[in-house]
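Please look through the sequence and the model shown here before reading on.

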Amino acid sequence: MARIPSFVRKRPVAVFSVFIAVGALLMGVSAVSLAAIHRPIAVELVALATDSGAAVPATDAPTQSPTPSPSASRTRSAKALPSPKKSGTVKPSPRPAGVAVPPPPHPPAPAPTSPSAGASPSCPTYEGPVAAKSAVKSALVTAGSTQYWAGVAPSSLPKEVNGVAPAITIPSNLMKAIAWQESGWQSTIVACDGGIGTMQIMPGTATWANQRFGTDYDVHTLSGNTSLGGEYLEWLVMYFGLYYFGNNFDLTNTAVTNSGYTLLDAVVASYNVGAGAVGLDDGTITVPNPRYMDNVEALMTNCVCLSY
């Protein structure tokens, strides 16, 4: 027995429309009359072309905007195409002028020197009582879950958010991973480059963060140090989310990329080298410290610190 082609089984309306078209030609019916008589067939043929991979009119293609343009909506005779999800590659655009970035979190490391015979190295040094790992964990989790932008006056927020701060927090595993990479959770350490405490905050960064968020955290205390680290990270999320990732502030969203990097990549890299070294003026992202970025992101799921 002859088998009915799958095209006929799957697209009876389309096949029927072909028969009508052939008959119309034989009978001398014009194409305009045919379209007027059987418009549903034309709609079906458009859908068929779309499913088969054929090109469709530009007005039926999804746009980069989260919502369809008015002209595209008016031209759709079939059901409207869904709006594109917030994913894909962000088209770089120049960074707005006048957006200030904080001072680099770490200056260039000083040249290593060998201590004289019998002398001990002058750095790193330690100050104050050592905090227990359980206390460090608690401070990191608290700092990461605090929405520091919520305490900023609407007039002091970036103008792009129209006076309403997005809900930005830092995942606890990211706080823990950065702190482990930076200091090994040593709450009292002062590094050779001047980085202080658990989050290795530079004095200039501490001053800047307190001024930007209207706080007065003490960089030399455990809670103050982790809070300043949380503020800096949340500033980075806001900055890169606004100007480089299309208003995406979700660190877990790996679908939105810029120059092949995610928001998480940009934030982690910038914590080490500064936002100005990662976000370029032309709106693209570069990572000059890929080893640091990879180490921190690996520690987010594979670190002894996660068991504390």
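What follows goes through the disulfides, then a proline, and then the salt bridge.

This is a predicted model, in which local features need pLDDT of at least 70 and side-chain atom pairs count only at pLDDT 80 or more, while totals for chains, interfaces and linings use all residues. Residues are numbered from 1 along each chain as its sequence is written, and side-chain values use heavy atoms, with hydrogens and water left out.

A disulfide is a covalent bond between the sulfur atoms of two cysteines. Here the term is applied to a pair of cysteine sulfur atoms within 2.5 Å, and by this rule the structure has two disulfides. When the bonded cysteines of the chain are numbered in sequence order, the pairing reads 1-2, 3-4.

One of these links joins Cys-123 to Cys-192, with 2.1 Å between their sulfur atoms. The torsion about the S-S bond of Cys-123 and Cys-192 is about 105°, and the disulfide is therefore right-handed. Cys-123 sits in the loop between strand S1 (88-89) and strand S2 (125-126), whereas Cys-192 sits in the loop between strand S3 (189-190) and helix H8 (203-213), so the pair ties together parts that are 69 residues apart in sequence. These elements are DSSP runs numbered from the N terminus, helices being H or I with at least four residues and strands being E with at least two.

How accessible are these cysteines? Accessibility is given as relative accessible area, where buried means under 20%, exposed means over 50% and partly exposed lies in between (1.4 Å probe, protein chains only). Cys-123 is partly exposed at 30%, and Cys-192 is partly exposed at 42%.

The other link is formed by Cys-303 and Cys-305, whose sulfur atoms are 2.2 Å apart. The link of Cys-303 and Cys-305 is right-handed, with 135° about the S-S bond, and both of these cysteines are buried.

The loop between S1 and S2 also holds Pro-121, which is exposed, with a relative accessible area of 58%. Although Pro-121 and Cys-192 are 71 residues apart along the chain, their C-alpha atoms are separated by 10.0 Å.

Side chains of opposite charge can pair when their charged atoms come close. A salt bridge is counted when a side-chain nitrogen of Lys or Arg is within 4 Å of a carboxyl oxygen of Asp or Glu, and the structure holds one. In this salt bridge Glu-160 pairs with Lys-159, the closest N and O atoms being 3.3 Å apart. Glu-160 is partly exposed at 31% relative accessibility, whereas Lys-159 is exposed at 63%.
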